[in-house]
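Me: I would like to learn how to read the features of a structural model one at a time, with the rule behind each term stated before the case itself. Could we begin with what the words for accessibility stand for?

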Amino acid sequence: MTVTEPDTPVTTAGKTAEDTAPVGSARTERISALVQQHGALAVLLIVSVVASFTFDSFATGDNVTNMATSSAFLAIVALGMTFVIITGGIDLSVGSLFALGGVLAAWGSRHGTLVALLLPLVVCGAIGVVNGLLVARSRLAPFIVTLAAMLGARGLMLALTDEGAETYLVAKGSLLAELGQGTTLGLGNPVWITLALFVAGAVVLRRTRFGQHVYAVGGNEDAAALMGAPVARTKILVYTLSGVLAGLAGALNAAWLASGVTILGNGMELEAISAVVIGGTLLTGGLGYVSGSLVGVLLLKVIQNVINQIGSLDSSYQQVVSGAFLALVVIAQTWLGRRRQLM
């Protein structure tokens, strides 16, 4: 009786190529996922360590505290943007809503802290609802809808301030001023509020049905609808959340500066989008991380601080470096996505 050898090639470990291929593919996929999720964190750590040894004032307590506080407002905006982008959308109105929220908070502070906080949340949240309704129900392009909202919110802010000629102030010693300027355990109150919001955002995104719907809608809207996910409601909620958080960030910034500055928020939507994408969230939707968005914000602020430490470079170089980082991240995401499709 003759025994024929199998046609399948055998590796040196005694396993067939078919046995080892899935293992290699799974390992490559895990590595790709780690790079996408934690790549920005690795870059942040490397840049921070190098800057600490290069500049004496970089790692000082005052500098770190200032960076953390200034990052808090952009981080809150980026948190809302994360939910929107995961669904496959975009929100260009957040910069104007940030400025509008600051003006409304400063104006409302004359009537008490509660009004100062609720007014920007309600108004900016209402604009977010309109954005969501137009995107979800009317099926209009998010880019066009939120671009119109950006112009409308900026116009409303200018109307409230007489074309920017009037600046509303937050009274010193008020509860609102303390909320923005006070410190707890050495960190500014806006930092603690931001951290609490990110913890809540991570729990909502990862541990709730709404979070599952956000990922499902961004991954494949038609498939999500077939599975019974409330596609329209999910879109409306994420745009509402983005508007509310932009208004809150503006209110906290007004409390920090003790005034509703009208010139703020220009280009903030692009910074928020950059931070979210750098943090590992796909612009095409379906994949994203709240923690990654926070890391993306910190990386942008650290780069800006390093450029300020150099002294011979102006702030425009920060935009150049941020743009380069964004381009590299998008290229890397595209490459990793293609690798996964081939596996």
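Reply: Buried means a relative accessible area under 20%, exposed means over 50%, and partly exposed lies in between, with a 1.4 Å probe and protein chains only. By that rule Phe210, with a relative accessible area of 22%, is partly exposed, whereas Phe83, with 2%, is buried. This is a predicted model, in which local features need pLDDT of at least 70 and side-chain atom pairs count only at pLDDT 80 or more, while totals for chains, interfaces and linings use all residues. Residues are numbered from 1 along each chain as its sequence is written, and side-chain values use heavy atoms, with hydrogens and water left out.

Me: How should I read aromatic pairs, and how many does the structure hold?

Reply: Rings of Phe, Tyr and Trp (for Trp its six-membered ring) pair if their centres lie within 6.5 Å, and planes under 30 degrees apart count as stacked, over 60 as edge-to-face and the rest as tilted. The structure holds two such pairs. In one of them, Phe73 and Trp256 are 5.2 Å apart from centre to centre with 35° between the planes, which is a tilted arrangement. Phe73 belongs to helix 2 (residues 61–86) and Trp256 to helix 10 (residues 231–257), so this pair ties together parts that are 183 residues apart in sequence; helices here are DSSP runs of H or I with at least four residues, numbered from the N terminus. Phe73 is buried at a relative accessible area of 3%, while Trp256 is partly exposed at 33%.

Me: Which arrangement do the rings of Phe83 and Phe210 have?

Reply: Their centres are 6.3 Å apart and their planes stand at 15°, so the pair of Phe83 and Phe210 is stacked. This pair also links distant parts of the chain, with Phe83 in helix 2 and Phe210 in helix 8 (residues 209–219), 127 residues apart.

Me: Let us turn to charged contacts. How many salt bridges are there?

Reply: A salt bridge is a side-chain nitrogen of Lys or Arg within 4 Å of a carboxyl oxygen of Asp or Glu, and by this rule the count comes to two. Glu221 forms one with Arg139, where the closest N and O atoms are 3.6 Å apart. Here Glu221 lies in helix 9 (residues 221–226) and Arg139 in the loop between helix 4 (113–136) and helix 5 (142–160), a separation of 82 residues. Glu221 counts as partly exposed at 25% relative accessibility, and Arg139 is exposed at 65%. Glu221 also forms a salt bridge with Lys235, the closest N and O atoms being 2.9 Å apart, and this pair connects helix 9 with helix 10 across 14 residues. Lys235 is buried, with a relative accessible area of 12%.

Me: Which residues lie closest to the centre of the second largest pocket?

Reply: The second largest pocket holds about 330 Å³ of space, and of its 17 lining residues the closest to its centre are Val64, Met67, Ala68, Ser71 and Leu298. Helix 2 gives the largest share of the lining of this pocket, six residues. Met67 has its place in helix 2 and is buried, with a relative accessible area of 12%. The C-alpha atoms of Met67 and Asn305 are separated by 7.7 Å, although these residues are 238 residues apart along the chain.

Methods: Helix = DSSP H or I, 4+ residues; strand = E, 2+ residues; numbered from the N terminus. 1 Å grid on protein atoms, 1.4 Å probe; cavity = no way out; pocket = protein on both sides within 12 Å on 5 of 7 lines; lining within 4 Å. Points joined across faces, edges and corners; volume = space filled by probe spheres on them.
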